[in-house]
Number of protein chains: 2
Amino acid sequence: MAKSYDKLKTYMDKAMAIKTAMTLFEWDNETLAPKEAGELTSHVIGVLSGEYFQAVTCDEMRKLLKQCGEEGGLSQAEAANVRELSQELEQIECIPQDEYQDFARLTARATSVWAKAKQEQDFDAFAPTLKKVIDYQKKFAGYRKKNGKKLYDVMLDDYEKGFSMENLDEFFSLMKKELVPFLKQVVDDGKQIDDSFLTGDYSEEKQEKLGRFLAAYVGFDFDRGVMAVSAHPFTTNLHNKDVRITTHYTDCMDSSLFSVIHEAGHGIYELGIRDDLTLTPAGQGASMGMHESQSRFFENIIGRNRAFWVPIYKKVQEMFPEQLGDVNLDRFVEAINKVTPGLIRTEADELSYSLHVLIRYEIEKMLIEENLDVEKLPEIWADKYEEYLGIRPENPAQGVLQDIHWSQGSFGYFPSYALGSAFGAQLYYHMKKTMDFEGLLEDGKVDVIREYLRENIHQYGKLKTSRQLLKDITGEDFNPEYYVRYLKEKYKKIYALD
Amino acid sequence: MAKSYDKLKTYMDKAMAIKTAMTLFEWDNETLAPKEAGELTSHVIGVLSGEYFQAVTCDEMRKLLKQCGEEGGLSQAEAANVRELSQELEQIECIPQDEYQDFARLTARATSVWAKAKQEQDFDAFAPTLKKVIDYQKKFAGYRKKNGKKLYDVMLDDYEKGFSMENLDEFFSLMKKELVPFLKQVVDDGKQIDDSFLTGDYSEEKQEKLGRFLAAYVGFDFDRGVMAVSAHPFTTNLHNKDVRITTHYTDCMDSSLFSVIHEAGHGIYELGIRDDLTLTPAGQGASMGMHESQSRFFENIIGRNRAFWVPIYKKVQEMFPEQLGDVNLDRFVEAINKVTPGLIRTEADELSYSLHVLIRYEIEKMLIEENLDVEKLPEIWADKYEEYLGIRPENPAQGVLQDIHWSQGSFGYFPSYALGSAFGAQLYYHMKKTMDFEGLLEDGKVDVIREYLRENIHQYGKLKTSRQLLKDITGEDFNPEYYVRYLKEKYKKIYALD
């Protein structure tokens with residue numbers, strides 16, 4: 001180990017410890033903290049964020065990062081940490097520390113404001129907070145932007161390096177061109193599918209039991225992870241021995257079921273990161289897109305696959321004899337794949353899913369690049385849903401308030417969901433060439449598939465970018481055509497089209 | 001505000017924020033964290049404890065504390081914070097930082113080692129860890145001791161200033177002299193009490209419902225607090241808008257019930273601390289003894305009082321019609337006050353309780369002052385239980401492994417339980433002079449009693465010591481005779497003695 005890197009480790013450990021503490025506060029805030037804790041806890045988080053800022057931007061850190069670069073002789077993991085820390089330094093050093101801390105305090109509270117507003121279906125109660133969050137994010141992106149880069153491109157870079165508005169416009173226009181008419185065809189000409197039995201008297205207790213079974217079945221290790229309840233399902237990663245997922249329960253059993261498999265996919269990614277990388281800056285998923293590729297791979301390519309249910313459907317029927325006793329496997333699989341253009345992204349079928357993301361992408365561009373007035377959001381949102389999906393939300397909880405992301409300041413995150421789905425499809429077609437994918441699922445061997453993903457993706461953390469991972473695995477650069485092909489093949493079959 | 005104090009606040013905020021983060025990790029560790037998280041999380045806690053050490057002992061802190069003392073002009077709260085920080089500085093500056101961090105890492109893991117050993121009734125699995133904890137605590141006390149003070153006196157000072165071994169020997173010998181023969185009299189000559197109905201098929205779900213009802217009924221505010229489950233019930237305080245209690249469930253309904261009221265008492269103390277004190281060093285309970293005085297006041301003087309149950313017992317019967325439908329109020333109250341010398345401190349009746357504490361006090365003195373070999377603990381423990389309570393534990397889980405305290409390095413804490421009970425009795429006799437205590441309880445007005453305690457004790461945090469509080473409220477110095485009087489009056493009546 002290079003001498004400077006050895007010294008750097010002390011400062012890196014400090015930054016990571018404070019970051020881990022803030023992550024725990026975030027988890028706690030979303031899952032357990034009492035209603036009135038917000039203000040004082042956000043003060044604590046503000047102070048911690050100041051310490052994080054100091055840890056990353058202090059003179060010793062700068063000096064040691066520079067020396068590490070000059071000395072060389074670093075291992076791949078060490079070099080990745082130096083690179084990640086240098087990027088983090090570059091990201092935040094241009095922000096005045098007091099603004100950085102103010103923003104941390106603001107977002108620590110904004111999620112509660114959002115949750116309450118959503119519960120009360122009151123967009124106006126959230127609008128002023130959202131406006132502040134947007135203003136900060138634009139200001140920060142302004143501090144960081146170089147060479148005339150656009151603000152939204154600066155933000156996109158946080159989640160998926162190498163995918164600018166130019167790339168995304170192209171990607172989403174392909175989606176629009178191919179999927180909008182195909183969706184219409186499915187809805188108009190496809191066969192009728194009954195999914196009424198998925199909604200009903202499914203007790204929370206049994207849904208939780210099923211969720212825990214499925215999470216464990218796909219490989220989420222409960223000795224190194226926990227599952228809890230929150231308003232919006234999410235995954236938290238403290239380190240590769242402590243990864244946490246949440247879900248929520250409604251009377252639609254498939255809502256919680258697939259959110260559990262989705263979050264388990266995120267969790268499995270983080271649990272699979274190499275021991276020498278965890279608790280270091282490089283010890284996290286390669287990018288948000290790659291993360292979503294894994295969660296959506298588990299949710300859809302595995303979880304909505306008929307083969308997946310072959311060995312376990314009987315067990316599910318036994319858990320819900322009244323609701324599913326008379327529903328055979330084929331009807332169940334059709335139901336969980338039913339295409340119904342709806343209002344809620346997290347409950348969308350795979351086919352309309354990317355249109356939900358497209359809507360958010362277009363609105364984010366308007367908010368960041370065109371100074372769209374926050375007050376106008378509910379209407380714009382409704383108009384776009386009407387345009388692309390043919391439906392309008394009746395209230396903001398079904399519309400603009402449905403997602404937590406903006407309250408956390410995550411502008412530029414949404415495209416990752418669609419990109420991730422496309423990454424997943426590309427991986428899927430490649431994997432089918434190297435293994436009997438559906439055969440493995442039918443034999444209950446999810447572990448072989450999971451191990452392939454761990455071996456080829458998860459273990460590396462941020463050692464490779466998402467584009468590199470795709471290239472190394474599939475031999476090709478990112479190619480969204482696979483995603484279109486996957487959706488068309490799948491739904492033509494289910495809906496008996498052609 | 002004095003100018004130096006203004007600057008001090010930045011450093012104080014930093015120390016408090018890191019401490020609050022470590023408190024959250026501790027809570028999380030005891031209630032939720034996955035089994036395998038311990039090692040990596042203890043690394044994070046080790047780093048944070050180093051940051052805390054630095055925050056308290058840095059040159060700026062020293063300089064500003066000195067300046068604040070010299071400048072004067074501080075408010076009572078400010079002066080208390082300067083005093084508390086100065087004491088903290090004095091406490092830890094003599095410890096080498098690496099040892100301080102090692103100890104934080106050790107105790108972060110020791111509680112899991114203890115929990116597992118307890119579960120498996122295997123003292124040997126815990127002994128090496130316990131030995132390390134004791135060695136550290138003795139070493140640290142050695143660093144801190146001055147003027148020939150004894151090591152155990154240094155430790156006692158952490159929990160109850162002004163109560164040395166000399167005072168405690170006197171206190172406990174009064175307990176022994178008065179209570180050992182009285183306990184024998186109650187057991188031998190008192191009437192027979194049936195409490196069999198308290199054990200049985202009490203579902204966890206209903207026990208939790210009752211626990212939440214009672215906690216709220218005595219005044220634990222669930223908008224500013226939460227309740228969870230842990231191996232050993234405890235209270236965690238992040239700030240006065242976020243206080244957390246835990247309980248555990250067995251088939252004895254009174255075990256969880258009174259642990260909830262006990263922890264709610266701790267919680268109510270912390271929730272009652274003034275807004276200008278919370279999240280500052282002076283913003284916590286005056287001492288451990290005063291803390292236990294409040295928890296045990298709620299548990300026993302309120303919670304095991306017949307008057308307390310008058311307005312609510314019908315509700316309890318309705319919750320458990322099969323178990324309590326035929327048990328009238330008097331039989332219930334007798335049962336929850338039944339004296340049975342037992343093995344478990346937290347489940348002890350009020351009368352034998354202080355003997356459990358006495359045993360721990362005597363053993364701690366032996367461990368710290370007489371270098372008692374850790375290996376011998378189970379036997380010594382059993383011998384003392386036989387001597388004072390006439391029973392021997394069958395396994396270490398019922399004996400030396402029952403309490404969490406030593407795994408956390410809390411040597412010197414136990415005496416607070418007995419002192420607190422004695423503080424409580426002194427407060428009780430004084431309060432009876434100023435209010436119709438039992439009448440209020442019968443009218444369901446716990447809030448009047450709670451408000452009295454908030455007004456006279458809770459709000460002050462550490463602005464006053466426990467002795468000062470007792471003096472200001474009752475006009476007398478600490479007087480343990482009230483405790484003896486309370487126990488004798490109460491149990492003579494219940495057991496129809498004299």
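How many residue pairs are in polar contact across the interface of domain 1 of chain A and domain 2 of chain A? The rule finds eight, counting pairs with both residues at pLDDT 80 or more. These legends go with a predicted model.

**View 1. Domain 1 of chain A against domain 2 of chain A.** The domain assignment puts domain 1 of chain A at 1-93, with domain 2 made up of 108-204 + 261-497. Their C-alpha centres sit 28 Å apart. At the contact, 20 residues of domain 1 meet 19 residues of domain 2, and about 1,600 Å² gets buried, 52% of it from carbon and sulfur atoms.

**View 2. The salt bridge between the domains of chain A.** One salt bridge turns up across this interface. Zoom in on E90(A) and K146(A) to see a salt bridge with 2.3 Å from N to O. The largest share, ten residues, is down to α4(A). By type, that side splits into six nonpolar, eight polar and six charged residues.

**View 3. Chain B meets chain A.** Each chain brings 35 residues to this contact. Together they bury about 3,100 Å², with 70% on carbon and sulfur atoms.

**View 4. Polar links between the chains.** Six salt bridges are counted between chain B and chain A, and ten residue pairs are in polar contact, both residues at pLDDT 80 or more. On chain B's side, α1(B) gives the most, with ten residues. That side holds 17 nonpolar, seven polar and eleven charged residues. For a close look at a salt bridge, pick K35(A) and D223(B), whose closest N and O atoms are 3.6 Å apart.

Notes:
Residues are numbered from 1 along each chain as its sequence is written. Chains are lettered from A and ligands numbered from 1 in the order in which they are written. This is a predicted model: local features need pLDDT of at least 70, side-chain atom pairs count only at pLDDT 80 or more; totals for chains, interfaces and linings use all residues. Side-chain values use heavy atoms; hydrogens and water are left out. Contact means heavy atoms within 4.5 Å. Buried area is the accessible area (1.4 Å probe) that two parts lose on being put together, summed over both. A salt bridge is a side-chain nitrogen of Lys or Arg within 4 Å of a carboxyl oxygen of Asp or Glu. A polar contact is a pair of N or O atoms within 3.5 Å; within protein, one must be able to donate a hydrogen and the other to accept it, and residues adjacent in sequence count only if both atoms are side-chain atoms. Helices (H or I, at least four residues) and strands (E, at least two) are DSSP runs, numbered from the N terminus. Ala, Val, Leu, Ile, Met, Phe, Trp, Tyr, Cys and Pro count as nonpolar, Asp, Glu, Lys and Arg as charged, and the others, Gly among them, as polar. Domain bounds come from an automatic or database domain assignment.
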